[in-house]
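This report concerns a single protein chain and its predicted model. Please consult the sequence and the structure displayed here while reading.

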Amino acid sequence: MKSTPLSLIAGVVALAAVTGFAALTVPGDDGATEAKAAARLPVERSSLLCPAPSTSDLAETTYTSFTPAAKDGPKDGTAELKAAEALPADEDEPADGRTGDADDKKSDADDADDKAKTDADDKKKAADTKPVVSLKDLGKPVTAETSKSGSPALVGTATDRFAPGWTTQQTTTAAAGGARGLLGVSCTAPDTDFWFPGASTGASRQDYVHLTNPDDTAAVADIELYGAEGPLKSDVGEGITVPARSSVPLLISTLTGEAAENVTVHVTTRSGRVGAVVSAAEDEVGSDWLAASADPAGTQILPGIPADATSVRLVAFAPGEDDADVKVQLLGKNGPFSPAGNDTLHIKSQMTASVDLKNVTRGEPGSLRLTPTDGSRTPVVAALRVVRGTGAKQEVAFIPATGPVGERATVADNRAKGSVLSLTAPGATAKVKVTASAGSEGGEAAVKTYTVKGGTTLEVTPEAPAGLKGGYALTVETESGGPVHAARTLTIPEGGIDMFTVQTLQDDGGTVEVPEAQQDLSVLDD
């Protein structure tokens, strides 16, 4: 038997760290080598996509990028977000588009003109490809701001020490106009399948689905729409091309001729991958981003309903062939209870169901838990439309179903005032550690531990970093007990309205399992 090179073993470890999966077969062993207990290693590469922000001339957008501090790991690495359409393209073709033969025939004057043009193009290209946000240190966020109308989507990659747990928050304040509101979204990783219950094609709504392609080749996506009576007819939702390193916003109401107040949007890709998120603007109520629901599952948790919510609407969808019957419970500060008259919800297959829970929290913060009533565990997706305020001072936000924080989860762009963290333990009592990072412009990190009783929601105002200057990130780590789901509400008063946005926190996937081979592959004799 020949020796197995060490480089092969290193390659397998690197592959797992980047993709989350690796397999190793010893030559001559016919794939029979079994793996020992898997070790967890930090990922070496992460990707994030931020949608194009508001097109309003009155909008101001802040990007906050952050990677949690680590005790050990790689010393090198980068984390940068760049404008999607400004990323480097194939440079095989000359900048002026002419062939080599034509260049040979140019006069000296033409050469000088072309050189000047090339120099100018190079300078513009260098400016365009300059990162919008670039991290410098672990454990300290970096911010960037723009007030330009028509600012592009951003595409970013973090490598080595910056990759594990990298997160970026995009927050836009639009003081007036049809898109008035505080629009917040955690920039997403590219994927091939997204569910958005809670969208609309109604006359009062202007909802766009934003598709962003981070790769060097075009992606092809399909968009399916489902209303209360089933699929909405669409002749233009299939085969949507998203060019390489570009972003495409699509007005959802133009994809169908049917108006529906509550719509579930399903985005899939035939080829390539995209980041997907929905921007929703509602007349007289404001606007915000609707992030994708957690993958279809029998039980769903929707954390972080504000105590002063004046209207809460649950929108759910069963994507399979079977109907779903779910128990609806609010996990309050003292325990679970079912909303009066809405303790269960029947969700027909391939149809969007909704229920108005009104002011279900009644002055106390809470989270919603959906569980199967018939034991069938028919998978569903779900989201909440949440309104605070009344009359002309209403403001809307969305809370999608989300997974637990797991080992660690982070949300960036927290302010000295206005940040509230909601923690819910749908099962057993749990203990979590919450770290408020150093500020983007100064301050010392603060750490506090909380116990969340099973079946309850705990709302806390995070302990701000000492000497805080700028914004900071919140990192939640599970220390013991059952799973914990979390959401952050950011509130910014503007024009007499408490504008707000809610972001859920999910496990950041900062580590992956890498199996250890039972054989010692470093010394294999011939």
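## Basis and overall make-up

The model is predicted: local features need pLDDT of at least 70, side-chain atom pairs count only at pLDDT 80 or more, and totals for chains, interfaces and linings use all residues. Residues are numbered from 1 along each chain as its sequence is written, and side-chain values use heavy atoms, with hydrogens and water left out.

The protein has 38 strands and 3 helices; these are DSSP runs numbered from the N terminus, with at least four residues (H or I) for a helix and at least two (E) for a strand. Of its 526 residues, 49% count as buried, where buried is under 20% relative accessible area, exposed is over 50% and partly exposed lies in between (1.4 Å probe, protein chains only). Among contacts between residues at least 6 apart in sequence, 82% join residues at least 24 apart; a contact means heavy atoms within 4.5 Å.

## The sheet β28-β35-β30-β32

Four strands form an open sheet in the order β28-β35-β30-β32, with antiparallel pairing; two strands pair if DSSP finds at least two bridges between them. Because β28 (409–414) and β32 (446–452) stand at the edges with a single partner strand each, one side of each has no neighbour in the sheet. Neighbouring strands of this sheet are turned by 25 degrees against each other on average, direction ignored. Such angles are taken between N-to-C directions of lines fitted to C-alpha atoms (for helices, over the stretch in contact) and run from 0 to 180 degrees.

The antiparallel strands β28 and β35 (residues 472–481) are joined by 4 bridges. Val411 has Leu474 in β35 as its bridge partner.

## The sheet β15-β11-β17-β18

Another open sheet of 4 strands has the order β15-β11-β17-β18, and its pairing is antiparallel. Its edge strands, β15 and β18 (286–290), each pair on one side only. The twist from one strand to the next averages 20 degrees.

Strand β17 (residues 275–282) runs antiparallel to β18 and is joined to it by 5 bridges. Glu282 has Gly286 in β18 as its bridge partner.

## Cavities

The whole structure contains 3 cavities of 30 Å³ or more. On a 1 Å grid over the protein atoms alone, a cavity is a set of points where a 1.4 Å probe fits but cannot get out, and lining residues have an atom within 4 Å of a point. Points are joined across faces, edges and corners, and a volume is the space filled by probe spheres set on them. The largest cavity has a volume of about 40 Å³. Its lining includes Val434, Tyr450, Pro462 and Leu474, and β32 gives the most to that lining, with 4 residues. The lining divides into 7 nonpolar, 1 polar and 2 charged residues; Ala, Val, Leu, Ile, Met, Phe, Trp, Tyr, Cys and Pro count as nonpolar, Asp, Glu, Lys and Arg as charged, and the others, Gly among them, as polar.

The second largest cavity holds about 40 Å³ of space. Pro53, Thr61, Thr146 and Lys148 are among its lining residues, which divide into 2 nonpolar, 5 polar and 1 charged.

## Positive phi angles

Arg245, a residue other than glycine, has a positive phi near 55 degrees. Arg245 is placed in the loop between β14 (240–242) and β15 (247–251) and is buried, with a relative accessible area of 14%.

Lys358 also is not a glycine and has a positive phi of about 55 degrees. Lys358 lies in strand β24 (residues 352–358) and is exposed, with a relative accessible area of 54%.

Note on methods
On a 1 Å grid over the protein atoms alone, a cavity is a set of points where a 1.4 Å probe fits but cannot get out, and a pocket is an open set with protein on both sides within 12 Å along at least five of seven lines; lining residues have an atom within 4 Å of a point.
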